[in-house]
Amino acid sequence: MEREILIEHFQRQGFALLDDDINYNQIALATNLLFERDSVIKAIVIRETADSLPDSMIQRFSQSARIHSKTLEIFFAFPSKPTVKILNSCKLFGVGILYKDTHNSVQTYAESKQIKGRKIIAAIPKTQIFFSSRQHLEERKEGETIIDDQRDSLKVPIFPMLVENDQQYSNDIRKLWPIICRCMEDCQYVLVILSGEYRKIIDRETRRALEYYDPDEILFYIKNDKQTKEEWKDLIEFVIQHNVKYTDYFDKRDFKLKFNQRLMKIIIKLHKDNGVQFLADGL
């Protein structure tokens with residue numbers, strides 16, 4: 001979005017454009033524009049594209065601290081309406097979104113949190129769990145639902161990573177393994193679910209996970225039936241040799257209970273490691 005459009009928009013609202021040499025160290029990103037009205041400061045970072053915005057940049061911007069006697073509001077400005085993924089990430093971290101519509105007017109897609117009166121509390125970084133299992137396995141969908149529900153209820157940025165949801169996948173088997181490797185590198189945990197018939201790609205994913213993750217970062221679930229134990233015998237033995245503990249489950253309901261318990265331990269650890277109070281301690 002052009003600077004001139006933003007300047008005109010905020011000046012119509014009574015905001016004054018601050019000089020370029022004014023530098024607030026409390027703002028976590030270098031801004032393109034600063035406006036002020038009645039001790040309210042709006043900090044704007046202009047993006048050249050509406051298609052991509054790293055979550056790490058959103059999180060960093062959200063960690064801007066209070067400015068003495070001021071109220072700070074932080075925004076990314078886009079040349080057009082950004083993707084829903086960008087919207088969800090910005091809303092999660094309290095960063096506002098501005099964009100230019102077809103009439104060259106500035107629209108607000110997401111409101112900024114107001115940073116005032118105190119320093120922003122410590123934040124939990126985005127955490128992703130890579131899913132390795134048969135694509136249409138019921139437990140795979142159940143695990144995704146559990147993570148989504150806990151993220152929404154506890155307001156913690158934890159997300160499932162399913163290869164089939166990657167925009168570059170498109171059912172092209174030639175692209176599958178490079179995408180798997182890249183997705184794994186973006187994740188902090190891996191969930192392996194072994195059930196029923198052997199699949200070579202899951203075996204390969206699991207062996208790579210053993211190289212890439214620490215044992216306590218691998219969530220390993222095995223369906224407790226004869227077929228599964230026979231089909232996956234070699235891999236199970238290989239995993240045990242690498243000091244990875246596995247959890248037996250009997251059916252989807254049993255998996256739901258046990259995976260939810262393990263996920264809660266991860267969430268509590270994320271709070272503790274990042275100095276954030278876990279409000280559900282009494283549960």
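Analyst: What follows is a set of questions on the terms applied to this predicted model, each with its reasoning.

User: Why is S89 called buried?

Analyst: The relative accessibility of S89 is 10%, and buried means under 20% relative accessible area, so S89 counts as buried. The residue sits in helix α3, which covers residues 84-93, and, leaving aside its neighbours within four places in sequence, S89 is in contact with D55 and I58.

User: What makes β9 and β12 edge strands?

Analyst: The open sheet consists of five strands in the order β9-β8-β10-β11-β12, with parallel pairing. Within that order, β9 (158-161) and β12 (246-249) each pair on one side only, and they are the edge strands. Neighbouring strands of this sheet are turned against each other by 25 degrees on average, direction ignored.

User: How do you know that β8 and β9 are paired?

Analyst: Two strands pair if at least two bridges are found between them, and four bridges join β8 (residues 127-132) to β9, so the two strands meet the condition for pairing.

User: What makes up the lining of the largest pocket, and how much space lies inside?

Analyst: About 940 Å³ of space lies in the largest pocket. Its lining has 29 residues, of which D55, K85, K126, Q128 and M161 lie nearest the centre. The elements that give two or more residues to this lining are α3, α4 (138-154), β9 and α5 (173-185), and α3 gives the most, with seven residues. By class, the lining has 11 nonpolar, eight polar and 10 charged residues.

User: Which residues of helix α1 are called buried, and what do they pack against?

Analyst: In α1 (residues 3-12), the buried residues are I5, L6, I7, H9 and F10. These buried residues pack against β1 (16-17), β2 (33-37), β3 (40-46), β4 (71-78), β5 (96-100) and β6 (106-110). After the helix comes G14, whose phi is positive, near 90 degrees.

How values were computed: Residues are numbered from 1 along each chain as its sequence is written. This is a predicted model: local features need pLDDT of at least 70, side-chain atom pairs count only at pLDDT 80 or more; totals for chains, interfaces and linings use all residues. Side-chain values use heavy atoms; hydrogens and water are left out. Buried means under 20% relative accessible area, exposed over 50%, partly exposed in between (1.4 Å probe, protein chains only). Contact means heavy atoms within 4.5 Å. Axes are lines fitted to C-alpha atoms, for helices over the stretch in contact, and angles run from 0 to 180 degrees between N-to-C directions. On a 1 Å grid over the protein atoms alone, a cavity is a set of points where a 1.4 Å probe fits but cannot get out, and a pocket is an open set with protein on both sides within 12 Å along at least five of seven lines; lining residues have an atom within 4 Å of a point. Grid points are joined across faces, edges and corners, and a volume is the space filled by probe spheres set on the points. Ala, Val, Leu, Ile, Met, Phe, Trp, Tyr, Cys and Pro count as nonpolar, Asp, Glu, Lys and Arg as charged, and the others, Gly among them, as polar.
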